[in-house]
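Hello,

Here is the structure I promised to pass on. Please open it first, then read my notes below.

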Amino acid sequence: MTGSGAGDLTGPAKGDTVAGVVRQWQAVHPGLDTGPMEIIGRINRCAALLQQAEDAPLRRAGLTRPEFDLLGALRRTGHELTPGELARETFSSGAAVTKRLKQLSERGLVERRGDTRDRRVAHVRLTDAGRDTVDGILPEQLAYETVALSGLGTPERGALAGLLGELLVQLEGRLGVPRA
């Protein structure tokens with residue numbers, strides 16, 4: 001049994017990597033509902049492939065996706081953020097944010113200043129070079145991502161974005177992750 005029918009491997013996805021894994025599991029455990037594996041496995045595989053490509057425009061600019069996410073958080077919020085706020089904005093650990101901020105600061109893309117009331121708190125802002133970097137890369141990065149999704153038509157992209165958004169809201173609610 002495959003539950004909702006997701007395990008029947010019909011349609012264009014029947015030849016993907018996850019379909020092969022599912023067929024193997026169904027051979028070993030024929031009664032097992034592999035529907036969740038087919039969804040989560042494909043999400044994970046897509047994420048891995050997109051990360052392997054490692055965002056060509058970002059790579060050419062000498063940035064990683066997590067570094068760009070920090071710069072982007074500062075740019076889109078339009079004000080200084082503390083490292084803790086940046087960790088929440090980018091779903092990163094505090095240690096990872098600290099390491100990235102050090103690297104970005106050394107490259108002149110962000111500045112840190114201490115809080116006048118609490119020396120333990122730092123405030124981070126984009127430098128002019130950081131703002132120019134984000135503004136220069138963003139259109140190129142979005143064009144790159146558009147090409148990555150070009151195999152899907154506009155209606156399919158909209159449907160996929162909507163379904164992933166619904167899943168994200170559910171997962172964030174269950175896991176207690178604050179939403180922006």
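Aspartate 135 has a relative accessible area of 36%, so it counts as partly exposed. Bear in mind that this is a predicted model.

Aspartate 135 pairs with arginine 75 in a salt bridge, 2.9 Å from N to O. This pair links distant parts of the chain: aspartate 135 sits in helix α7 and arginine 75 in helix α4, 60 residues apart. Arginine 75 is partly exposed too, because its relative accessibility is 33%.

Another salt bridge joins arginine 76 and glutamate 89, with the closest N and O atoms 2.7 Å apart. Here helix α4 holds arginine 76 and helix α5 holds glutamate 89, 13 residues apart. Arginine 76 is exposed at 54%. Glutamate 89 is partly exposed at 28%.

Now look at helix α2. Arginine 42 and glutamate 38 both lie there, four residues apart, or about one turn of the helix. Their side chains form a salt bridge at 3.9 Å, N to O. Glutamate 38 has 4% relative accessibility, so it counts as buried. Asp16 joins Glu38 and Arg42 in a network of salt bridges.

Next, the largest pocket. It holds about 2,300 Å³ of space. Its lining has 47 residues, and the closest to the centre are Ile43, Cys46, Ala47, Leu50 and Leu164. Which helix gives the most to the lining? That is α2, with 10 residues. The lining divides into 27 nonpolar, six polar and 14 charged residues.

Best wishes

Technical notes: Residues are numbered from 1 along each chain as its sequence is written. This is a predicted model: local features need pLDDT of at least 70, side-chain atom pairs count only at pLDDT 80 or more; totals for chains, interfaces and linings use all residues. Side-chain values use heavy atoms; hydrogens and water are left out. On a 1 Å grid over the protein atoms alone, a cavity is a set of points where a 1.4 Å probe fits but cannot get out, and a pocket is an open set with protein on both sides within 12 Å along at least five of seven lines; lining residues have an atom within 4 Å of a point. Grid points are joined across faces, edges and corners, and a volume is the space filled by probe spheres set on the points. Helices (H or I, at least four residues) and strands (E, at least two) are DSSP runs, numbered from the N terminus. Ala, Val, Leu, Ile, Met, Phe, Trp, Tyr, Cys and Pro count as nonpolar, Asp, Glu, Lys and Arg as charged, and the others, Gly among them, as polar. A salt bridge is a side-chain nitrogen of Lys or Arg within 4 Å of a carboxyl oxygen of Asp or Glu. Buried means under 20% relative accessible area, exposed over 50%, partly exposed in between (1.4 Å probe, protein chains only).
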